[in-house]
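Hi,

Here is the structure I said I'd pass on.

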Protein chains: 2
Amino acid sequence: MKRYLQNIRKVVPYVPGEQPNFPDMIKLNTNENPYPPSPKIQAALQGIADSQRLYPDPTSHTLNAAIAQVYQVEESQVFTGVGSDDVLAMIFQTFFNDTLPIRFPDITYAFYPVWCRLFQIPYETKPLNDNFEIVPSDYFSENGGIVFPNPNAPTGIALPMNSIEEILQHNPDSLVVIDEAYIDFGGTSALPLLQKYENLLIVQTFSKSRSLAGSRIGFCLGAPKLIWALHDVKYSFNSYTINQASLAIGTASMLDTDYLEKTTRKIIATRERTKQQLASLGFTFPNSKSNFLFVTHTVWNAKRLYDALRENHIYVRWFNIPRIQNYLRITIGTDEQMDTLFRFLENYSET
Amino acid sequence: MKRYLQNIRKVVPYVPGEQPNFPDMIKLNTNENPYPPSPKIQAALQGIADSQRLYPDPTSHTLNAAIAQVYQVEESQVFTGVGSDDVLAMIFQTFFNDTLPIRFPDITYAFYPVWCRLFQIPYETKPLNDNFEIVPSDYFSENGGIVFPNPNAPTGIALPMNSIEEILQHNPDSLVVIDEAYIDFGGTSALPLLQKYENLLIVQTFSKSRSLAGSRIGFCLGAPKLIWALHDVKYSFNSYTINQASLAIGTASMLDTDYLEKTTRKIIATRERTKQQLASLGFTFPNSKSNFLFVTHTVWNAKRLYDALRENHIYVRWFNIPRIQNYLRITIGTDEQMDTLFRFLENYSET
């Protein structure tokens, strides 16, 4: 084999949820928002065609200022990237350079071990308990860094704020990264803890509650010295990542807090109704505070149900991962979409 | 110092050209295109607001298919990223994992050493000759990979195709990356060599000739097995990088080849006229085949002229780098913008 082929970096890539595209499909597989983004996006997109000829502002000033205003932090505490995946990848690359392993739950966002392998970061996983909850004391002993989503994915379970603070209290020497991708659907943000803990980074995204998965905008909030370090690495990788369209869209979306509240309230209401319906159909699930439910059925096999739903163009997510092979992750869609799911399940029988 | 602060990755970031924003300014400092992008962009942006709620196609199919169609290659030979910087960063990370140093010119795109430091890639630079030309034989001996722009930046000099082929002939074991960011302004693309050399990657961008610096779209063309390796690393970093807006904008732009030809012809005509004017004002410069000129003056000091231009809101680029400290890189703007520059220079005198 040629030398240049031998030198190719070996990776086991993340497998994103499939993106089928049938006109009649019900897409509940990638935790997208069923409602369109803020109507202010349309106006933001007007007149940006000609500005495409210029490089975007590498500091993403207008967007970062809008985020700082809404979350009542300084602009120097904000870092934005091409979706929260980009932000998390930059965090892993910037901060997780210890010889001690970083630590995260065994069942969590599937990208964490992928970044560890890509950047050659040692890691260890700590099992969720039998109720799929994070056990705070698992994170008390020495480590190279900590990362977990809150609410966790794909379980949807939120860790109470006092547990998060306990983890921070035991880790003054470690960076603690809380991935709040789903926080707007009912969890409690660790944002107030930023004032007490300089080793805390909070990651959020425009992809879920703000209906902007297609714009690729994520951000994190933390102490200015952590944010500077992220900017230095970002500028060493690609100086201009957030494009003109995303700067315009993201800024308009961030400032439309009324719309965010209106649509998240609708999704929360649909989620609670879905819990009742699925319970009556024989499903059990943790108490999700996110825009998805993580369900298992008393009788039906998850993989067979997944396949049957798929054949009927209802897409949900099944993970071929130990401990959760008999679970499905179902994104909360519109009431109408969920009704179609319920009708299917009412008539479903394993053959 | 806390352990987590000690572990922060140390980098010397790339410093992008400044992005001033005065209404009357003449911005000739970052090689942007003075003309707006294809008028088809406006139509492409219509109606994309609601699609923002969905993740973009991670395979960038419509965009990659348009690129494949225009360059008459297979879609499996196309990889797209968030600007050519993202594509190049992925290439460095994916392929430059040898213990032998990679090789590039001493005077070239300033990002190459930055990526080497970020990814801990050993590298060595080979000096351009006294005419600022790449010397092909410098790249014949064993190495961990080769990368250079063609035309080179900031010189604007194009390497003839037979020299590129010579380098490829001497490097069957190395990956050879040709960064053709400025190729549409008069250089000859190495594209036909893809049929003969499986170790060749050609990088291009939408930022210059297609007036889409603000959309952040770059791509590379090469053998499918190299493209697969890039996709694997990309999917391990951030699965969804090209957002919905860029997919729509990029596809429309790529297919509008008439507009590309029309605007690049205009820029080439302005460049040739600028060469005459600047020569008559006492400047000398290599024979640029790009959308910028790399000029030095027989009498005037480059840094002082740069400062004087800047005070008058005419922005060009000066590099504080040995060998080229008495040079300025001037982007080709509209004829009107260049006339303003000429008038300033006609009245300029060092004090």
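Leaving out residues up to four places away in sequence, Thr296(B) touches Gly282(B), Phe283(B), Thr284(B), Asn326(B) and Tyr327(B), where contact means heavy atoms within 4.5 Å. Before you read on: this is a predicted model, so local features need pLDDT of at least 70 and side-chain atom pairs count only at pLDDT 80 or more, while totals for chains, interfaces and linings use all residues. Residues are numbered from 1 along each chain as its sequence is written, chains are lettered from A in the order written, and side-chain values use heavy atoms, without hydrogens and water.

Back to Thr296(B): it sits in strand β10 (residues 292-297) of chain B, strands being DSSP runs of E, at least two residues. Thr296(B) counts as buried because its relative accessibility is 12% (buried is under 20% relative accessible area, 1.4 Å probe, protein chains only). Its side chain reaches the backbone oxygen of Asn326(B) at 2.7 Å.

Now the interface. 83 residues of chain B are in contact with 83 residues of chain A. The area buried between the two chains is about 7,000 Å², with carbon and sulfur atoms giving 55% (that is accessible area, 1.4 Å probe, lost on putting the two parts together, summed over both). On the chain B side, Tyr4(B), Tyr55(B) and Phe237(B) lose the most area to chain A, together 12% of what that side buries.

There are two salt bridges between chain B and chain A (a Lys or Arg side-chain nitrogen within 4 Å of an Asp or Glu carboxyl oxygen). Arg3(A) makes one with Asp98(B), with the closest N and O atoms 2.6 Å apart.

Cheers

Notes. Helix = DSSP H or I, 4+ residues; strand = E, 2+ residues; numbered from the N terminus. Buried < 20%, exposed > 50% of the residue type's maximum accessible area, 1.4 Å probe, protein only. Polar contact = N/O pair within 3.5 Å; in protein donor to acceptor, adjacent residues only side chain to side chain.
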